[in-house]
Amino acid sequence: MNNRLTLDLSSGTTESGNPLLQTFDGSGRNPRPTQVKALDWIHTNIDKHNAPLVIEAGVGCGKTALLRAAQLHYGGSIATSQNTLVSQYKSDYPNLNVIIGMQHYRCHEYLTRCGYASQRYRCRGGVDGRCEMRNVRDRFSQGVPTLFNTMSLYVTRKRNGLPTDTTYVDEAHQLISVARQASTYSNKLYAADKTLLRKLNLSPALLRNSEINVCKFLTAKIEALEGKLKKERQPDKINGILDSIQNTEFTLECFENEPEKYVVNSTENSLLVTPIVTPRHFLKRIIADRGILTSATLLPHDVKEILGRTQYPYMDLGTSIPKENRRIVWTPSPFSHRASEIDIPALAKRIEDIYISNGRKNTLVHATYSLMYKLLPYFREPIIWHDETNKQDAIDRFIENGGLMIGAGMSEGLDLKGDLCRVQIITTLQFPNIMDPWVAKRKALLDGEEWMIGEVMKVLRQQVGRGTRGENDHCVNYVLDNRLSSVIQKARKMGMCPNHFFESIEGWNS
C-alpha cells in the first residue's frame, strides 16, 4: 500500500502572503524559484495533516535552506545523521545552536574532551561560563532553535523527559540505518562475558530463544561496564566504555519494548541482538506529527518503515540541475559484475581508458573495499586510494591535488563541486550482502524484493549526486555494471526511479 498524499506543488498561498519568504533562512540570500514553490507548499500544508511533510528533493534544490527557513518560523529542532552535514549547517549558519556528541566538545577547565572530563573528573559544566556543552544545552532549554545529530536528539529528549515537538529531519533515509546500528548489540563473548553468564546461570544457547535471558544478560553487562568505567583512567578507553554502555543501554531499551522485531543469534563465542526493522521506540522520540522529512532518496518503503501506515503529505521537488549537466552514461561491460566473476584486469583498463578519454579531469571511482583492493595492482595511472582508517586523508589529497581517486563508501557526505570532480565511474551496483544473516531475514519479509532494489537505487542515486552540486555545475557519471538495465526496470515499476533520474541515463535502449 502506498500511503503518499501527493499534493499539488502549485497550490497554496501566494508568494507575497507567505511569511516563510520574509526572512527565508536568515542568511540574506534570496530563495530560488523551486524553493519559493516548496516554501509555499510547506506553509500551506504543515498544520493540515496529522503527519510530517515528506519532501523528496535532488541535489541542488537547497533542502538545508528549506529546513532552516521552516525552523526560524515554526520553531523546533533540525536533526541529521551525518556529522559532515552538521558541519555544513554550521558553515552556512554560524549562529545556529548545535548539539552533537560530548566527544566533539572541548573542556576548557580540564583541557580535555568533554566526555572524558564528565566521567574522570565528574565535571558538570565548568565554573567559568566557558563550557561549550553546557552553553549549547542552556540555549536549547531557553527555546533557541537547535540542530542535533540524530542520536543526540534522542538522548536529550529521553534524559530530560521532553515531548517530541516539531522536528525537521535532513537525509531522513538514514534514520533506518542509524536506528538499527544503535539498537544492535554485536560482540564477541570474551572470558569475562562467559563468567558473567555463569553467574546468571545462563549459557549462549539459553540466550537464543529467551527474551528474558537476553534482558538479564544485557542488564548485567551494563553494570559490569559501569564498574569498569569507575576504575579506568585512560581517556580513549573511557570513551570506548561510554560508547559501549550507551549502545548496550539503547539495545536493551528497544529490545524490552519491541522484542518481536529482533533476531538473536548466539554461538559459544559471540552474541548478536539486532532488529529486522527500525524500532518504533526509537522513532517516536525523533519523529513528530508536525515537521518535515527530506532526502534525495526517500523511497516509499523507507517512509513506511519510519511512519508506519500513516498517510503523509508528499512532494517531489525533482532537481533544478539541467539533465545535460548530470549525465549518466551506461556503458555495460562485456563481463559479469558479480563480485566473484569480475574480470579485474579488464575492469582496471576500462577505468583508465575512461579517465584518459576525458582528458584526465578529476575523476572519482566508486567501488567496494574488496573490489578496490583487487583493482589497485592493475592501475598504471597514479591513483589516490584509502583503507578503512584514512579515508578523510585521501579525500583531502584529492580535493587539493585532483587526479584519479578510487574510494569505498563515498556515496554520501561528499561535496565535490566545480572542478573538484568532473567525472565519476561507478564500477558496480552495490547490492546488500545476502550472506549477512540480517540481510537474509530482511529480504525474506513480504517487501523484501522491493527493499533490495531500493537499497541499490539509494546508493546509485547518492553516488551520482557527489559531482554535480548545483544548477551551473556539471559532471558525467559512467556506470559500468551490466545489471543496471534490470535494476532500473524493476525500480521504475516500484516507483523508485524518478523521471528526472531516468531521463539522465544515456545508452538505454529498452
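Predicted model: local features only at pLDDT ≥ 70, side-chain atom pairs only at ≥ 80, totals over all residues.

User: Salt bridges to start. How many does the count come to?

Analyst: The count comes to 24 salt bridges.

User: What does Glu56 form a salt bridge with?

Analyst: Its partner is Arg461, and the closest N and O atoms are 2.8 Å apart. Glu56 is in strand β2 (residues 53–57) and Arg461 in helix α19 (residues 448–464), so this pair ties together parts 405 residues apart in sequence.

User: Are those two buried or exposed?

Analyst: Glu56 and Arg461 are both buried.

User: And Lys221, which side chain does that meet?

Analyst: Lys221 meets Asp193 in a salt bridge, at 2.6 Å from N to O. Helix α11 (residues 211–231) holds Lys221 and helix α9 (residues 191–199) holds Asp193, so parts 28 residues apart in sequence are tied together by the pair. Both residues, Lys221 and Asp193, are buried.

User: What about Asp481?

Analyst: Asp481 forms a salt bridge with Arg483, with 2.7 Å between the closest N and O atoms. Both Asp481 and Arg483 are buried.

User: Switching to strands. Which way do the residues of β8 point?

Analyst: In strand β8 (residues 167–170), Thr167 and Val169 point one way, while Tyr168 and Asp170 point the other way. In a regular strand, side chains alternate between the two faces of the sheet.

User: Buried or exposed, those four?

Analyst: Thr167, Tyr168, Val169 and Asp170 are all buried.

User: What does β8 pair with?

Analyst: Strand β3 (residues 77–80) pairs with β8 in the parallel sense over four bridges. Strand β12 (residues 291–295) also runs parallel to β8, and three bridges join them.

User: Give me the residue partners. What is the bridge partner of Thr80 in β8?

Analyst: Thr80 has Asp170 in β8 as its bridge partner. On the β12 pairing, Thr167 stands opposite Gly291.

User: Last topic, Ser370. Where does that lie?

Analyst: Ser370 is in helix α16 (residues 369–375).

User: Why call Ser370 partly exposed?

Analyst: Because its relative accessible area is 44%, and partly exposed is the range between under 20% for buried and over 50% for exposed.

User: And how does Ser370 sit relative to Ala339?

Analyst: The two are 31 residues apart along the chain, and their C-alpha atoms are separated by 8.8 Å.

Conventions. Residues numbered from 1 in each chain as written. Heavy atoms only, no water. Helix = DSSP H or I, 4+ residues; strand = E, 2+ residues; numbered from the N terminus. Buried < 20%, exposed > 50% of the residue type's maximum accessible area, 1.4 Å probe, protein only. Salt bridge = Lys/Arg side-chain N within 4 Å of Asp/Glu carboxyl O. Pairing = 2+ DSSP bridges.
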